[in-house]
Structures are given as structure tokens and as C-alpha cells.
Amino acid sequence: MRGCVPVRERFHARLADQWEYHMSRFVLSLAIIFSTVLTPAFAVEPTPAKATATEPLTIWWAQWAPADGLQQIADVYAKETGTKITVHQIPWGSFQDQVFLNFGNATTSFDIVVGDSQWLGRGATRGLYVDLTSWLPGAIDLAGIKPQALSNLCEYPSGSKHYFAAPCETDAVGLAYRADWFTDPAEQAAFLARFHRPLAVPKTWTEFAQVAEFFHRPAQNRYGNAQLTGRGYDAMAMGFQQVLWSYGGSWGDAATYAVHGHLDTPEAVKALEFFRTLTTFGPKGATNLDYGQVLDVFTNGSTAMSCTYFAFFPTIAKQLGPKVGFAVMPANGERHAISLGGQGFSVSAKIPVPRQEAAKKFIAWFNTPAVQRQWITKEAGFTANTAILASAEFRAASPYNAAFADSLDHVRDFWNVPVYNELLASAVKHLGEALDGADAQASLRAIADEHEAIFEDAGLKK
Amino acid sequence: MSDAVQSPVLVLGGVRVEFGRKSVLAGLDLTVGANELLIVLGATGAGKTTLLRTIAGLQTPIAGTVAIAGVDMTHAPPGLRDVALVFQNFSLYPGWSVRRNLAFPLRAPGRQLSDDVIDERVTWAARLLHIEGLLDKPAERLSGGQMQRVAIGRALVRRPRIFLFDEPLTNLDAKLREELRVELALLRRQLGIPMIYVTHDRSEALALADRIAVLAGGVIAQIGSSESVWNTPVTAAVAALLGRS
Amino acid sequence: MRHRLGWAFVIPTLLFLIIFNVFPLISSVVLGFTNSELTGGSWEWVGGRNFSRVFNDPKYAAAVRTTVLFTVVAVAVELALGFILALALHRDFRGKTAILTLLLIPMMLPPAVMGIYWNFLFDGDYGVINQVLHAGGLLAPPQWRTDPGLKLLAVVAVDVWMWSPFMLLISLAGLGSIPKHLYEAAEIDRASRWMVFRRITLPLCAPLLGLAALLRATDALKQFDLVMAITGPNDASTQTLSTLLYQVIFSNQRVGLGAAYACVVLVLVIALAIGVTRALARMRSANAGQAV
Amino acid sequence: MTFLALNAVAKTYADGTIAVHGVDLAVDEGEFVVLLGPSGCGKTTTLRMVAGLERATGGSIQLAGKIVTDLPPSQRDVGFVFQFYALYPHLTVRDNLAFPLEAVGVPWRERAVRVNEVAAAVGVTELLSALPRQLSGGDQQRVSLARALIRRPRLWLMDEPLGTLDAAVRASLGAFIHEQQRRHRVTTLFVTHDQEEAMQLADRVVVMEAGRIRQVGTPTAIHDAPRSRFVAHFVGSPGMNFIPATRTAQGLCLADGRHLMIHNAASTDVLGPVIVGVRPQWLQVSTDESEKVGLVATVVLDEYQGDHRLLHADAEGLRLVARIPATQRHALGARVILVPHAEGIRLFDPHSGAAL
């Protein structure tokens with residue numbers, strides 16, 4: 001998440017991160033408690049600001065490299081149009097809480113939020129995001145956008161042609177591996193002798209497991225792989241669901257919201273048991289690695305392969321240079337599914353209409369091919385523009401761009417219904433239990449039970 | 001009950017005090033005259049201390065009246081009653097000199113006495129109690145007898161309308177008790193302030209009293225001069241209290 | 001006149017209580033019957049649905065189990081450790097004040113800070129604990145924060161580290177309040193040291209220790225900061241009632257449902273609070289008796 | 001036969017304060033000895049050293065033929081009654097009484113029997129199930145006595161056990177202690193500051209002052225033949241009157257030239273200045289102006305005491321007390337002549353205060 005720094009400094013940086021995270025949560029809790037207690041009695045309507053064309057806009061996003069890139073693009077926009085735009089960055093841990101707390105006010109402090117894909121349902125159904133359905137097709141060439149990205153990042157419900165966001169950062173999980181170890185002749189010989197095939201970047205999960213097992217040598221402080229298994233927000237779900245889908249399971253039926261028969265099938269159980277096996281070839285604490293830790297154990301040079309979002313790959317490439325290679329996530333025979341990442345631009349419904357229009361103008365400008373070509377030059381600036389993705393120029397621009405372009409064909413996402421966070425929390429908690437040693441089938445059945453109850457409660461289940 | 005009291009200073013009429021369901025004072029009548037020293041005798045738990053607290057205003061009766069100098073004070077706070085209470089525990093401020101301890105009641109808010117007046121009163125009290133030499137000594141370095149003198153002095157400087165003593169000599173050595181008893185008797189002749197004095201020591205009671213009031217069952221069982229109570233106790237219990245069994 | 005003045009003093013307190021205690025309490029109970037959300041917007045009455053969800057929620061049952069387990073183990077260990085330390089320190093020696101002050105520092109610091117601090121001590125790779133263990137020859141030191149068997153233990157350990165000194169302080173006060181002449185009487189009576197401890201020290205300290213344990217228990221039942229810092233709010237083996245509440249209200253934004261959870265928690269805490277008040281009253285009457 | 005012997009027993013505290021200067025005392029088996037003195041005289045410290053609650057910093061203590069100076073209290077076989085009872089507040093009277101038996105491992109059944117026995121003897125059978133705080137002070141001290149008694153120790157030590165009680169209770173409990181002590185023939189060391197108590201209870205009284213023993217003797221001897229002005233003043237209620245006089249061949253002369261007494265008290269041949277000691281009961285009060293012998297004084301206070309009066313009179317700054325019949329009345333300010341009875345005269349050295 002940060003630039004190239006020695007281990008010790010990175011540790012301190014993590015310390016600072018966590019500190020900020022906890023303090024912001026603490027202060028936030030206090031603020032919420034007081035506001036919920038006092039608001040009904042003392043709420044004061046803030047006077048809405050007058051909007052003019054040149055009035056500055058504010059974008060809220062998480063604190064990471066792509067946001068720096070977005071600020072640079074926005075500075076270009078300011079030069080061209082005179083509208084100044086500030087990208088306000090919030091630590092990942094409190095990003096969601098701060099955004100939705102702010103939505104609780106009469107007016108939001110931001111005009112645009114670059115929101116997580118799962119937030120769409122809540123933003124759309126609670127009247128927080130401006131409905132872009134009639135505007136978006138005229139403002140952006142939708143045909144030129146990767147359909148998987150469009151449906152997962154912009155539509156709610158998925159496939160309904162109702163738009164509540166426009167593409168900003170498109171992301172997917174990819175595979176980063178230690179090219180230097182893979183090409184070491186001694187390793188290659190040893191691998192061949194053991195598995196009777198040459199050592200190569202794994203294309204299937206079976207191969208992946210073999211390679212991970214092969215490189216797993218804890219006594220030498222070397223580990224096979226690192227998967228997303230963090231319990232804080234969605235890391236665990238993002239890490240596991242690609243195995244789930246690849247093995248033939250799923251989170252449930254998007255039409256009927258039935259979960260039993262999808263998440264607790266023998267295939268799904270096998271997927272979870274396999275995922276657990278992978279963590280046994282991981283570094284210390286492999287059953288609970290959040291995004292930062294997955295990045296850490298790979299960049300500190302101890303781990304052979306790591307599966308995480310492409311947005312982290314520029315950092316990896318900068319730190320490890322030629323020692324690292326990037327690839328598409330493995331498949332399981334025919335089945336190939338990859339966790340979608342990334343966020344779309346949404347316009348706050350709680351700002352005056354003129355400001356909404358000004359915000360839309362910027363979003364349309366950002367999605368023009370010319371600007372998208374600039375965007376991909378920024379660190380972790382990933383586009384959803386089909387033409388750019390397919391261009392040889394894009395594929396050659398970085399060691400990971402080709403893999404990224406190929407990954408987008410296979411992306412899928414977690415539920416993006418309004419109650420996504422309850423679903424996430426329940427899933428992450430029980431998956432965590434399973435990784436901690438509980439019975440896989442029981443854990444999945446528990447998730448299925450809870451998820452169906454949540455759907456029923458939310459009035460979604462048919 | 002025979003002795004009629006001339007110009008009463010304190011009149012209690014039908015005073016009733018209950019703690020929970022327990023009746024401590026059950027309609028008690030008592031009259032104390034100007035310049036009188038009244039001894040209150042009674043067994044443990046007879047309500048002697050409660051009687052003093054009721055007079056001082058630390059305890060509000062559920063029925064009856066307390067009149068001081070002809071004014072109904074039943075519900076007046078202690079500060080307005082102008083009575084002084086001396087306890088068996090000396091309760092001096094330890095870090096302070098004797099002088100400061102003696103002057104303390106005079107410096108209470110609302111009194112506004114000049115330093116000269118305060119000084120004069122402190123010296124006067126110290127002379128009466130023979131503690132002039134101790135004025136600059138810290139209170140915690142005094143002997144038990146000296147401490148009790150200072151405690152009495154602290155009540156004295158205020159020149160209250162009534163003195164209330166709650167077994168002031170009980171915690172002292174037997175010998176010291178004898179000596180202080182004599183001094184108290186001499187002192188009260190000089191002061192001319194009425195005193196109500198609770199004790200269980202019969203020597204003290206007989207020696208000091210103008211009248212003795214025997215408290216039993218929440219009322220005054222007998223009241224009269226030392227001689228009359230000694231010579232004609234109304235009950236065996238009264239006789240026992242006086243050591244005549 | 002006195003009475004009117006009395007009311008003048010009481011009214012501000014009453015107002016304060018109503019605005020900051022009674023009003024939020026009632027409003028949270030009312031909220032429990034709605035489906036209102038943190039982001040505002042419309043809400044409607046849902047009757048007892050939230051409450052029935054709470055009682056049918058396995059997460060809730062699990063959180064109650066975790067919370068009670070945490071409370072019982074932490075408070076018991078703190079009590080035992082604090083009391084044993086107090087027995088050792090209940091005498092005069094040079095440096096006693098310094099030792100006491102040092103021991104009390106953890107208690108004075110905010111739990112959130114302590115949680116984060118220990119989080120780094122527990123870290124599998126960088127953590128001081130594991131580095132020491134590793135240097136001591138243990139090749140695979142335990143993973144405090146990720147090993148399911150150790151996570152709750154880690155939280156308990158930090159709580160014990162923070163709060164045993166509190167129990168020590170209370171125990172010292174309890175030991176100090178036992179009149180010296182009782183020990184002298186026991187010595188005359190030829191009681192062995194064990195008998196003195198069993199028959200005098202322990203029973204005379206017990207009311208105060210019980211009160212301290214109750215106070216700590218009401219606090220431990222609300223355990224939040226340490227869990228947040230060490231494992232996060234959504235870990236199956238450490239999710240307490242408070243972190244579950246946090247999850248429901250702040251992450252899921254379900255204020256109505258959260259209020260229903262909170263009401264049920266409240267009943268638990270009130271039950272304990274009544275216990276504390278009763279214990280206090282009992283102690284006061286016992287002391288009043290002794291003073292005669 | 002000496003049962004308890006103190007040889008030069010001394011106590012100096014860490015801060016240098018000397019509480020006891022080196023006390024020698026021999027107590028016979030079955031004897032009731034009272035340590036009497038004003039507060040701070042070292043009597044309680046001495047008692048606690050005998051119990052082992054305080055460590056002697058000098059000398060030795062011998063109990064039943066054994067040196068016990070450095071033994072802990074539990075190995076001395078003593079019973080101790082504390083001024084503030086020291087009952088175990090959380091235990092019932094029954095458990096308080098059983099405590100010393102439990103400590104030495106007496107079986108449960110026997111314990112119950114002995115508790116009932118001692119409770120009956122002390123008269124607290126009805127109180128066995130009560131907690132100490134539910135009892136009156138007198139009853140608490142009764143229980144405390146029973147507890148000191150139950151193990152049948154060979155030495156009873158009592159530290160002002162009656163000091164905090166009401167006068168009436170004090171008298172009856174004092175008598176009770178006396179009776180128990182006589183019945184069990186337990187050697188007893190009893191501390192008090194109340195000389196009346198001492199006189200009533202003691203076989204022998206030990207008067208202490210400033211960490212030293214001033215006189216040891218039977219109550220009568222102490223009262224009638226005090227060996228110093230201190231003892232003479234401290235013992236007796238009120239204490240002895242002291243009158244400076246000159247002893248001549250003609251008798252005792254006062255400063256104003258009057259005779260205090262015509263013939264001489266015979267205990268000494270010394271002539272010259274002496275202090276004359278007279279107890280109040282040996283002073284006669286006369287209003288007969290023609291009286292040639294005696295001290296002229298003014299009445300300042302008349303204390304009625306029921307069966308007698310204490311008449312305080314001032315003779316040019318000298319304060320004297322006379323004990324007179326209750327029927328005899330003198331007005332305040334009246335001139336009286338105080339005439340000592342020859343039998344009651346004691347002489348003291350004006351410098352050392354020692355009896356002559």
C-alpha cells in the first residue's frame with residue numbers, strides 16, 4: 001500500500017495505520033452515539049451551498065495509490081475547465097463507516113464518492129446515490145466498457161440497465177509470483193523430480209496447490225502462498241469466493257436468493273477444505289491476513305505466490321523488480337472465476353442539483369478515451385475501457401497489464417444488495433471459524449442459514 | 001418534677017423521635033432554666049445522645065416542639081440555634097495550633113469578627129481553661145486532658161446560649177477525670193451559661209448537677225436535685241444508675 | 001425554606017439524568033421496535049420482529065457465551081492474582097510505592113491504546129513476545145492473534161495485565177482495613193498462618209473483593225476496545241456483545257436491530273448493577289454495625 | 001512459688017522512645033496482679049511483652065519455669081483480653097469461642113461441649129448464635145473473657161478490659177472477672193488506669209509511672225503506706241492532699257506560724273521542712289474560729305456524692321479536699337479550718353518526694 005520501504009519502517013507504517021484506524025473508529029463511535037442521541041432534539045438544517053460552474057468539488061475515496069492518480073487527473077480537469085477538485089483520502093478500515101455516517105446528514109461533505117462495488121444496493125435503494133440510468137448511456141460510450149465491469153460496478157440490480165455509478169477504478173484479483181524462484185534450475189529440477197512435470201506458473205488450482213506445497217519451507221523462512229483471509233471487512237470473502245466459484249459452488253441464486261443448495265453443496269465444501277489446505281502452506285498467521293499483510297509477506301521476500309488485487313501490484317513491482325512475475329488467477333478445468341474489485345463514481349443525492357450536474361460533467365470527462373489513456377499511466381490506474389484493455393500499447397505498458405486485461409473476462413462479485421455488509425460479516429465470521437478448524441460443511445451451512453434469514457428479513461427472498 | 005424553673009432558656013414539649021419503627025424519645029417534656037446545669041443520666045441506648053442532637057438541631061423530631069429563649073426552634077437549622085456541643089471524642093484539627101483550633105468557630109462565615117475581638121476571646125477562653133501556655137502548640141502534641149480542654153474551649157469562645165456536653169470526660173484516665181470535673185464545676189460558675197450534660201458516671205453526675213434528669217423509656221423518669229434523686233429514687237432502675245443497688 | 005432550597009439543588013441533577021440517561025434509554029427502547037437505519041431515511045414500526053431476531057440469532061448466543069466466558073475467566077484470574085500480589089505487598093519495604101505506581105500504569109492508560117500496544121507485542125513475526133520465544137529456542141512460537149485457541153486467551157491476558165493491579169489495590173485496602181488486634185487475638189489463640197488466612201483474612205476481605213469483582217464484571221461484560229484492537233469485531237472466537245453491537249449498528253447500519261440487541265444487553269447489565277448496589281448496601285450495614 | 005518472672009524487661013522503640021525502663025516483677029501462681037498507672041506509663045507495653053505481642057528489647061521473661069522472652073504468643077499458653085474486645089466480627093459468638101480450640105485441633109464434638117460449658121459459666125448461652133456487633137459492649141467483653149478462658153491457659157492477660165464500658169456494667173463485670181479468677185485460680189495480670197478498679201480486684205497492685213515500677217504491694221499497703229508522693233496522689237479518690245510544713249520538736253508548723261498538729265507523727269526523726277500528706281477522709285472541717293490547730297481555708301466547691309461530700313477549699317493558693325458526711329453543709333466562700341487526724345498523717349521528703 002505504501003512505497004518501497006525497509007521492513008522496519010513498514011512495520012511502523014502499519015502501526016500508524018492501525019492506530020489511525022482504531023482512533024478514527026473510536027472517535028466515530030462517540031460521534032455517532034452523540035449524534036443519534038441529540039439529533040432528534042437539536043437537528044439544525046445546514047444552509048445548502050450555492051452552486052456555480054467554477055465551484056470546487058470534493059471526491060471521497062480510500063487512502064491508496066490510485067487516489068493519488070485520480071488527484072493528478074483531476075488537476076488536469078481543473079486546468080481545462082476551471083473547476084477545482086479535491087480527492088479526500090480515508091483509511092480503508094474506516095472508509096465505509098465514514099461515508100455512510102456522512103450520508104446520515106442532510107447534506108454530504110462530498111459530491112462524488114468512489115464507492116465499493118458492494119455498496120451499490122444500499123446506495124441505490126436508500127436514495128443516497130443519484131440515479132444515473134437516463135444520463136449515463138448518453139454521457140459515456142457504454143458499448144466500449146467491459147460488460148463484466150459495467151454490470152458489477154455500475155448497475156443495480158445487476159443486469160437491470162439501472163445505473164447508479166460510472167466506472168472509475170476497475171480491479172480484480174491476480175497472481176503475483178517469485179519469477180526468480182520459478183526459473184531457478186535447481187528448483188526446476190527438484191520440482192520435476194517430485195511432481196513429474198516442469199515447474200511453471202500454475203494454471204489450475206491443483207497445480208497452484210502443488211507449487212505452494214513445493215515452496216513451503218518454514219524452517220528456511222520460506223512459504224508457499226498467501227491468500228486473502230482477513231476478518232476485518234471483506235478480504236476473506238474476496239479470497240475464498242474465487243475458489244468457491246471455480247469448484248462449482250456459489251453464494252446463492254441471484255434470482256430467488258436461495259442459498260441452500262448453492263453454498264452448502266459438496267462442491268462448496270470441497271472448495272472450502274481446499275482453501276484451508278492452501279493456508280497450511282502459508283506464512284505465520286496465514287488464516288488471518290488482511291490486504292496489507294498479504295502485501296507485506298510477499299514484499300518481504302518470504303512467500304512464493306500471493307493472490308491479491310492488481311491495485312497492489314505496482315507496489316510489488318517497484319519493490320521486487322525483476323524478481324517478480326504476474327499472472328491470471330488459476331482456473332479449475334472449465335470453471336474460471338476471479339473476484340472483482342474496484343469502485344465506481346457515484347454522485348451524492350444529498351447535494352444540490354447544480355452540484356450534481358457539475359459532478360456528472362467530471363465523470364463523463366474522466367471516461368473519455370483520451371483521459372482513460374492518461375489514467376492508465378498512473379500508478380494502479382486500471383481502466384474498464386475495452387479498446388484500451390485490448391491495445392498492445394496497454395498490455396506492454398507494465399509487467400501486470402496483460403494479466404489484468406485477461407482477468408476481466410472472468411470477474412464476478414459478492415452480493416451487492418443493500419444488506420451486503422451483514423452478508424459479508426456473517427460469511428467472513430464463519431469462514432474464519434472454518435479456517436480456525438471448525439467443520440467446513442457446518443460453517444457453510446451456518447452461512448447459508450444466516451444469509452437466507454438476512455434475505456428474508458430484508459424482503460428480498462422470493 | 002417538683003422544682004419549678006424560673007425564666008426557662010430551653011423548653012421541650014412532647015418531643016418524639018423515632019428511628020424506623022423504634023421509638024427513642026416518646027413525647028419528652030423538659031425545661032432548663034437560665035444558669036442551670038442539668039445532668040442527664042440514663043442507661044446505654046436510653047436516648048441521651050439523641051436528646052442532645054435534637055436540641056442542637058441535628059435531629060428533627062416527628063412531633064413536639066423545641067423552644068430556645070422563648071422562640072420556637074423546632075425546625076431551625078443548627079446554625080441558628082446558637083448552641084455548642086462537646087463530644088467525648090476531642091475532634092480537633094490535628095495540623096493546627098491550639099490557637100487556630102480555638103479561633104476556628106469565630107472565623108465561620110457570617111460572623112465577621114475583627115482579629116482583635118477573636119484574639120481577645122481566644123485568650124479569655126485559654127485563661128479560663130488554664131491552657132494559655134499551650135496556645136502555639138500543635139493540637140496533635142497535646143495529652144488527652146489538654147485536648148479535651150481545647151475542645152471545651154472551642155465551644156466556649158462562641159459564648160453560646162446553651163452548652164451541650166456528651167460524656168466529655170469518658171475517654172480520659174480516671175485521675176484526670178476527677179481533676180477536670182472539678183475544673184468544669186468552677187468554670188461554669190464563672191460563665192453563667194446553662195449546660196446540659198450527659199454522663200453515665202455517678203460521681204460526675206452527683207457532683208456537678210443542679211438537677212439530675214433520669215431518662216428511661218423515652219421520657220424523663222425522674223428529675224430533681226442530686227440530693228432528692230439520690231435519697232428518693234422513684235424506681236429501682238434509677239437507684240441502680242446512681243450505684244445504689 | 002429548607003425544602004425549597006433542597007429542590008433547587010436536586011433539579012439540575014434530575015434534568016441532567018433525564019436528558020442524558022432517561023431520554024436515550026427510552027429512545028433506544030423505542031428504536032428497537034423500528035427498522036431505522038444509520039443513514040437516516042424513512043423507517044417504520046416492525047413490532048417485536050427485531051427482538052425475535054435477536055433471540056433466534058446464533059451470533060447472539062455465541063456472543064453471550066464468549067462475553068460470559070471472557071468475564072468469568074478474566075475477573076477470576078484478576079481477583080486471584082490481585083489478591084495474591086496484595087498478600088505479598090501488604091507490608092512496608094523500600095520501593096513499595098514505586099512498585100505500586102508501576103503496576104498501576106496499565107490501568108491508567110486507555111484500553112484502546114493498550115489493545116494496540118499488545119497487538120504489536122503479540123504479532124507473529126515482529127512481536128516482541130515471539131522474538132523472545134524464538135531467541136529462547138522455540139522455533140515455532142504460538143500465533144497469538146490467529147491461533148483460534150489463543151485469541152480469546154490473548155484478550156483475557158491483556159485484560160488481566162490491565163486490571164489485576166486494580167484488584168491488587170482493592171485487596172490492599174481490604175487487608176489494611178482488618179484491625180491489627182484481630183491478628184493479635186488469633187496469635188494468642190494459637191491459630192496457624194493458614195488458619196488465620198482462611199478464617200480471618202479471607203472472610204474479612206471477601207465483601208470488598210466481591211464488590212470489586214462485581215464492578216469489574218460489569219465492566220468486562222462491556223468488553224470492546226481490546227477485542228477491536230487484537231482481533232477485530234468480527235472474529236468468531238472473540239466476538240463479544242459489544243463488538244457484535246458495533247457490527248450491527250455501525251457496519252450494518254441497522255440502528256433498529258442494534259437497539260433491540262442493546263436492550264437485551266442492558267437487561268443483563270442492569271441485573272449486575274442491582275447486584276453491585278445490593279452488595280454495597282450490605283457492606284454499609286455491616287460496617288455500620290462494626291462501628292458501634 | 002514464682003510463676004511469672006520479669007527480669008529487667010525493657011522496651012525501646014525503633015525511634016528511640018523508651019517505653020519501659022527495665023521492670024522486675026515476680027508473680028506467684030494463682031495471683032491476681034494489677035498494673036496501675038496513668039496513660040503512657042508503660043503498663044500496656046509490659047503486658048504485651050509478657051504476651052509476646054511486643055518483643056522485649058532487654059531483659060528476660062520466665063513463665064512456668066521456662067524462658068519465653070523470644071517465643072511467639074502461640075507458644076506461651078496465655079489468654080489475652082483486649083480493651084476493644086477483638087472479637088472476630090464475621091464469626092458468631094459460638095465460632096468465636098470455638099476458634100482457639102479449632103486452632104489447636106480439638107475435635108468438633110469436644111469443641112461443642114466446651115463452648116457450651118464456658119458459655120454457661122460466663123452467662124452468654126443465649127447469645128451463642130449472635131454476631132459480635134449485635135451485642136452490647138458488656139456482653140462482647142464477656143465473650144472475649146470466655147474466649148480467653150476456653151483453652152484453659154495458665155496465664156490471663158487483660159488490657160483495660162473494662163475501660164470502655166458504662167459505670168454500672170463495669171462494676172458487675174469487674175466482680176465477675178474476680179470471681180472467675182478465684183474459681184479457676186488462673187494467674188492474672190490486669191492493666192488499668194482506674195485505681196478503684198485496681199483496689200477492688202488485685203491481690204497485689206503494681207503502680208507504674210514513666211516506664212518504671214514505683215511501688216508493688218497489696219491494695220491496703222499501697223493506699224495506706226504509699227512510698228512516694230506520686231503513688232499517694234495517684235491512688236485514692238480523690239488523691240492525697242499535700243501541705244508544706246516544718247517538722248519541729250513541738251510538732252508540724254505551717255508557714256503562717258500556726259500548728260498543723262501539736263504532736264509529731266512518729267515514722268521519722270527528721271526535723272526541718274517536710275511535705276505533709278493527708279487523705280481527704282482524714283481531714284476534719286471545723287467552723288470553730290477558736291480552733292488553734294489546723295489550716296485556715298475558704299470553701300470553693302462542694303461536691304455532693306450521695307453518701308458523702310467532697311469539700312474543696314483554698315488555703316492561700318493551696319487547694320485541699322476533705323471528705324465529709326453528706327449531711328454537713330458549708331456555704332461557698334465560708335471560712336473553715338481543716339484539721340488533720342493524726343492517724344492519717346504521712347510525711348514526704350520535699351525534694352525527692354519519697355516517703356519519710
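Which residue in E5(B) is the bridge partner of B:Ile68? Select B:Ile68 and look across to E5(B): the partner is B:Val71. Keep in mind throughout that this is a predicted model.

**Stop 1: the sheet in chain B**

**Stop 2: charges over rings in chain B**

Stay in chain B and show the side chains of B:Arg100 and B:Trp96. B:Arg100 lies over the face of B:Trp96, 3.9 Å from the ring centre. Next, select B:Arg159 and B:Trp124. Here the charged end of B:Arg159 sits over the ring of B:Trp124, at 4.5 Å from its centre.

**Stop 3: aromatic pairs in chain A**

Over all chains, a search of the whole structure finds 62 aromatic pairs. For one of them, select A:Tyr291 and A:Tyr309. Their ring centres are 6.0 Å apart and their planes stand at 45°, so the pair is tilted. The pair links distant parts of the chain: A:Tyr291 is in helix H12 (residues 291-299) of chain A and A:Tyr309 is in strand E6 (residues 303-309) of chain A, 18 residues apart.

Are these two tyrosines buried or exposed? A:Tyr291 has 17% relative accessibility and counts as buried, because the cut-off for buried is under 20%. A:Tyr309 is also buried, with a relative accessible area of 6%.

Then select A:Trp60, A:Phe95, A:Phe100, A:Phe103, A:Phe110, A:Trp119 and A:Tyr129. Ring pairs link these residues into a cluster.

**Stop 4: confidence in chain C**

Finish by colouring chain C by pLDDT. The chain averages 83, and 93% of its residues score at least 70. Within chain C, confidence is highest in helix H3 (residues 58-89), at 91, and lowest in helix H12 (residues 255-291), at a mean of 74. Select residues 288-292 of chain C: pLDDT stays under 50 there, and the model has 3 contacts beyond four places in sequence for this stretch. Where pLDDT is low, predicted coordinates should not be read in detail.

Methods
Residues numbered from 1 in each chain as written. Chains lettered and ligands numbered in written order. Predicted model: local features only at pLDDT ≥ 70, side-chain atom pairs only at ≥ 80, totals over all residues. Heavy atoms only, no water. Pairing = 2+ DSSP bridges. Helix = DSSP H or I, 4+ residues; strand = E, 2+ residues; numbered from the N terminus. pLDDT = per-residue confidence, 0-100. Contact = heavy atoms within 4.5 Å. Phe/Tyr/Trp six-rings, centres within 6.5 Å; stacked < 30°, edge-to-face > 60°. Buried < 20%, exposed > 50% of the residue type's maximum accessible area, 1.4 Å probe, protein only. Lys NZ or Arg CZ within 6 Å of the ring centre and 35° of its normal.
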